[in-house]
Structure formats: C-alpha cells, structure tokens
Amino acid sequence: MNIDLTDTTSSQINAALVKARRASGSPATGMVLTLVIVTDEGNHYDALRAAADASREHPSRILVVVRRPGRSPRDRATARLDAEVRTGSETGAGETVLLRLHGELAAHSYSVVLPLLLPDAPVVVWWPEDAPDRPSEDLLGTLAQRRITDAAATEDPVATLRLRSEAYAPGDTDLAWTRITPWRSVLAAALDQKHTRIESAVVEGEGYNPSTELLAVWLAERLRVPVERVLSEGPGITAVRLLTADGVICLDRPHGSLAELAVPGQPDRHVALHRRSTAELIAEELRRLDPDEAYARTVRFGVHRLGAPTRAAADAAAAGTPEAGDGGGPAGRDAGAPAGHTGAGERTGRTAPGSRAGQQETRRDASVAGGEERSGTEAAGT
C-alpha cells in the first residue's frame, strides 16, 4: 500500500502510517528499530532496496531522507515536505517513509525526522554516500545509537579512514569494516588450529580499497607484527599470508568467491568467501547496536601507520620493475618478512609481537564481531 502526501507535515505522515497499518490488518507495529537513511535522489533507490531486504531479518521503520535544496534562489527560499508512505511485502517486514525535503527545509531534517521515530526503540542512521566528516556531531547522528558510513563510496577512501580515526565516537562504524568480518573469522579459526608465533603478515588487495587497509591495520594492532600491503588486480581483498615459525598460513581468494586456506601441516581446504551485498552488510550491522570495540581499536590504531603498498610480483614483472619480494617483502606463499610494514614492528603495546596472547585477542575479536559467521566454512567475504 502506497500513500502519497504532498506539502505535508510530520503529524500527517504519522496519521498515514496508522491508516496503512489498519488497512493491512496489523494495528501493532512489531518493529524493533528505526533506520534513517540520508541520501540523494540518485542513490535512494538502491539504498532503500538494501534496507528493505535487511528489514526481513530486522523489522524496522525505514525513514529515507532526500534533501532537495533547489538550484535557483526562489527554490531555495521555499520550504515543502513531500512524503510517500509504503507498507506491504515490497517494503520488507516493516514500513517505509520516503521524505523529500525541499528548499530551506532540507537544512532542518532533524526536526522532520524526530516526530517519526519509533518510541522507545533504537535508532540507526546510515549515510550510503556523502557522510558528514563527524557523524556523531551531525544533528541526525545525535539521534542514533549506531551511525553507519561507507569509506568505499568516497573519492579518497584512505584519507576518509584517517578522518574516521580522528572523528571516531562510540557507535560509529563503516561498511568497509563490515566487509572484512568473514576474513577475520577465517583467520581467527586458522590461528585456533595452529598455535605458533606470528612473525609478519601480508595483505593483498585492490588499490584504494579501504577494507584492505582495515584488515592490515587490524592484524597489526592485534598481532603487533609488521604488516605489508601488496596491490593486486582484485576483486577486493585477494589474499592474506601470515608468516610463522612453522611456515605460511595463507588465505587466498583470487576470483572473489571461493578461497583456499593453507595451514602448515594440514591439508588445504576451500572456504566460501563471496562478496556480500549491501543488504547483507546492513543486516549484520543491525544485529548488534552496542559500540564495536574491535573497530574502535583498529580505526584508532590508524592507517597512517601503514607504509606505501607494494606491487604484486607478477604485476611488477609485467611493468618491468623490481618484484615486491626484492626488497625483502614476500611475493608468494613461501616469501620472507615484508619490507614495507606498519609501525607495529616497533613491538610496543600490551602484547608481545606475534605472542599467544595477541593471537587470542585476534581470535576473540573476530569471534565477537562475526556473530553467526564464526564458522570459517560458512563465512562470506568482501
């Protein structure tokens, strides 16, 4: 059921929501949270579709805020609210309100959204594009227990991660971090199977991929060992190698779906690491609304500690440049310690580099963040 409202108010929208529920025969809401999506006209369809799919797992009221300040002085001087109330199977297991704020009203979305929030229910705000520099200080962000951004949607993802580090507040998270949950789960499971000292690590992935950066920083912060990043053709993250005293633990995914896990002394095995949809990522973020401590430690540790990424050996040879391994960095499964690495190699912090305590913290972080995806064979990847 769709109800179109032109030049309306928040009270009229609430009345339309009640009318829609009565018409469908379900006067009770039965929703567990309010999801506020702040986007533009060009991106609202994809964001709304992802949120509707996620609402089948987390029934919610979805408020889509589309700001349309206008181009001409006359348009900017007006103030009008148009809304579309949607209920039914096409909107997922909840209800959706599409809000278009015209003119001066575009700068006052807080006042429009506040009366439409579900009473006594958590609030999550998601910026698919153009997130504020400091989400926790944004007026809509102050309403939320969780604030979701996506560094991958920005022009300079690495610079955005640095900004997230400076502006972090409890409740902030980023979909670039959510995408590496399965990778962290599988790596933690591998360390459970192989208790050995970690000497260094290599993370391979596409250039300007924030998930690659975050996975490298997470390993550096948890294990306190040098971590090198190597550029590959992708898609996304393609491999992680942990150099240990007993050999190399290698998680290799060259094609973006099926990965191979190699652990010294054990037979190689295949692991499902497909690239998840936005709906799956949002659904994961909505499972826990408390602050993500593992993300907080990682983003505060800082991508500034990472050195410049090196090229993969095959790419370097094709370009006629020295191989990545020539400077002491690993270019393959049996390579040695990396050349370009993080400041974690200074071996400072609460755990010794590659120590058993550090590995236990790594496994615990991945287990907590992974939730239902703790099993490596059931995990999916970025």
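Reader: Which residues of helix 9 do Ala50, Asp53 and Ala54 in helix 2 meet?
Author: Residues are numbered from 1 along each chain as its sequence is written, and side-chain values use heavy atoms, with hydrogens and water left out. Helices (H or I, at least four residues) and strands (E, at least two) are DSSP runs, numbered from the N terminus. With contact meaning heavy atoms within 4.5 Å, Ala50, Asp53 and Ala54 in helix 2 meet Thr278, Ala279, Ile282 and Ala283.

Reader: How many nonpolar residues does the contact of helix 2 with helix 9 have?
Author: Ala, Val, Leu, Ile, Met, Phe, Trp, Tyr, Cys and Pro count as nonpolar, Asp, Glu, Lys and Arg as charged, and the others, Gly among them, as polar. Besides one polar and one charged residue, the contact of helix 2 with helix 9 has nonpolar residues numbering five.

Reader: Which class of angle describes helix 2 and helix 9?
Author: Axes are lines fitted to C-alpha atoms, for helices over the stretch in contact, and angles run from 0 to 180 degrees between N-to-C directions. The two helices pack at about 55°, with their axes 8 Å apart. Angles under 35 degrees count as roughly parallel, over 145 as roughly antiparallel, 65 to 115 as roughly perpendicular and the rest as oblique. Helix 2 and helix 9 are therefore oblique.

Reader: Which residue of strand 5 stands opposite glutamate 84?
Author: Strand 4 (residues 79-87) also pairs with strand 1 (residues 2-5), in the antiparallel sense over four bridges. Strand 4 and strand 5 (residues 95-103) pair in the antiparallel sense over nine bridges. Within strand 5, the residue opposite glutamate 84 is leucine 98.

Reader: In which sense do strand 7 and strand 8 pair, parallel or antiparallel?
Author: Threonine 149 stands opposite aspartate 174 in strand 8. Strand 7 (residues 146-149) and strand 8 have three bridges, and their sense of pairing is parallel.

Reader: Which strands stand at the edges of the open sheet of seven strands?
Author: The strand order is 14-13-12-11-9-10-15, with mixed pairing.

Reader: At about what angle does helix 8 run to strand 9?
Author: Helix 8 comprises residues 210-223 and lies across strand 9, strand 10 (227-231) and strand 11. The angle of helix 8 to strand 9 is about 175°.

Reader: Which residues of helix 10 make the contact with helix 8?
Author: The axes of helix 8 and helix 10 (residues 293-301) come within 9 Å and cross at roughly 95°. The two helices are therefore roughly perpendicular to each other. Helix 8 contributes Leu214, Val217, Trp218, Ala220, Glu221 and Arg222, and helix 10 contributes Arg297, Thr298 and Phe301.

Reader: Which element has the lowest mean pLDDT?
Author: The protein chain averages a pLDDT of 80, and 79% of the residues score at least 70. Over residues 314-357 the pLDDT stays under 50. Where pLDDT is low, the predicted coordinates should not be read in detail. Among the elements of the protein chain, strand 6 (residues 123-126) has the highest mean, 97, and the lowest, 46, belongs to helix 11.

Conventions: Pairing = 2+ DSSP bridges. pLDDT = per-residue confidence, 0-100.
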